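Let's look for the spaces that a folded chain leaves between its atoms. Have the sequence and the model open as you read.

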Amino acid sequence: MTADLALIWPELILTIGGLVTLMLGTYAGDRQVGLYQLAAMVTLAAAAAAVLALFGTDATVFSGTLSVDSFGGFAKLLIYAASFICVVIAPRFFKDAMRAEYPVLILFAALGMGIMASSRDLMTLYVGLELNSLASYVLASFMRSDERSSEAGLKYFVLGALASGILLYGISLLYGFTGSTDFATIAAALGGELSIGIIFGIVFVIAGLAFKISAVPFHMWTPDVYEGAPTPVTAFFATAPKVAAMALMTRVVIGAVGPAVGAWQQIVIFLALASIILGAVGAIGQKNIKRLLAYSSINNVGYMLIGLAAGTQQGVEGVLTYLLVYMVTTIGSFLIVLQLRDDRGNQIESIPALAGYSQRRPGLAAAMAVFLFSLAGIPPLFGFWPKYLVFEAAVNANLVPLAVVGIVASVIGAFYYIAIIKTMYFDEKSDTEFPRGTGTVVEDAVITASALWLSVIGYLFIGVLAALSATAAAVLF
């Protein structure tokens, strides 16, 4: 037990930090919100340092239910980084509505996501997923005075409960027909002919996880929740939980049901194609920037699933690279959305209101153009590179038609990204005023650094990124 505890320092740090922050909030109330924010930031930074210290370790703890390896470490670093930024940007958005619960919920959500990324047993998978989900339901409805936020939380809760039921049913089927909840034991049991019960179990487990990554047709909550939730929370939902759920699905598909390629590959291919096409087409008519970014998220998940559908180490490396680039791009995009305020301080989410934005805030408009072009995968921006990697993996796995459809659909997706850039740069000025000084030094620094990295500068780091993703992906093979 002591040896096991020595290998789960990131989880222990988050647990202790979350409980301490919770107790501070209980006794001091909402008067010391800055203290709780600082405590959460220190906790996340310490957890990330613990992950780095353990990077390269390959072990299992607690009777093989959790893995301590480079794959989980890679995902956790992304999760903690996104959570850290979403804690930093929250107070300025919430102002007087900022409460002690926010950093606590982020910490416990990050704890759940870390468990998801390291799970190698169906029980720990579910515990981590529910710990993240319960915190997320509250975060979505955090603005109690805002009807949209309350509606977002309720929709997320109801549909999330349905997805959890589907996932649990799949888990029970896999356990019933294989006699174990351990990924390795399940994989060994799937080496022969598959029974109808196992096939149904695989279908239900993948369907439950598809809800968490917003893959079509389990995406219905995403546009409404992204629009209704407070912007820092939306930025959180679009990044950290997406990384955790994608890492978890990769572990399940490769580690647990990997031998049953014929059963899961068709499902993943369908999810990929449906997400790419609907994400591209559904965004075209959107007038709200947060709803558009929701469909963009669905679209990009489809491209990640192309890499997963390949079922190879090269495909998983592409997925990990895609997650990193997607997270940086999405964080940058939402930080700009956070700064879209009129002269009275009201949040602006309407895309038509951005007409002529480049003349008022040229720096932010240029950064937004970089992020949108990168999301579209238009070269030479660095967003092109992960798309190339997943397409290459699909072609090498003899999934040429899947790659061709993905490439064609990316042209459709580019349309609505370019439409926003056209609105900002070529349309006549709207009546909305966008005063300067709406962002903090930290926000401006993150936006600038993200935009620079996503330009051609990102290609200088391909060697390092390839080595990290290869080390992480090799664990699963």
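## The largest pocket

The largest pocket holds about 370 Å³ of space. A pocket here is an open set of points on a 1 Å grid over the protein atoms alone, where a 1.4 Å probe fits, with protein on both sides within 12 Å along at least five of seven lines; lining residues have an atom within 4 Å of a point. The volume is the space filled by probe spheres set on the points, which are joined across faces, edges and corners.

This is a predicted model, in which local features need pLDDT of at least 70, side-chain atom pairs count only at pLDDT 80 or more, and totals for chains, interfaces and linings use all residues. Residues are numbered from 1 along each chain as its sequence is written, and side-chain values use heavy atoms, leaving out hydrogens and water.

## What lines it

Of the 17 lining residues of the largest pocket, Leu-78, Leu-324, Met-327, Val-328 and Trp-453 lie nearest its centre. Helix α4 gives the largest share of this lining, five residues; helices are DSSP runs of H or I, at least four residues, numbered from the N terminus. By class, the lining has 16 nonpolar residues, one polar and no charged ones. Nonpolar means Ala, Val, Leu, Ile, Met, Phe, Trp, Tyr, Cys and Pro; charged means Asp, Glu, Lys and Arg; the others, Gly among them, are polar.

## The second largest pocket

About 250 Å³ of space lies in the second largest pocket. Its lining has 16 residues, with Phe-93, Met-143, Asp-146, Arg-341 and Gln-347 nearest the centre. By class, five are nonpolar, five polar and six charged.

Terms used: Helices (H or I, at least four residues) and strands (E, at least two) are DSSP runs, numbered from the N terminus.
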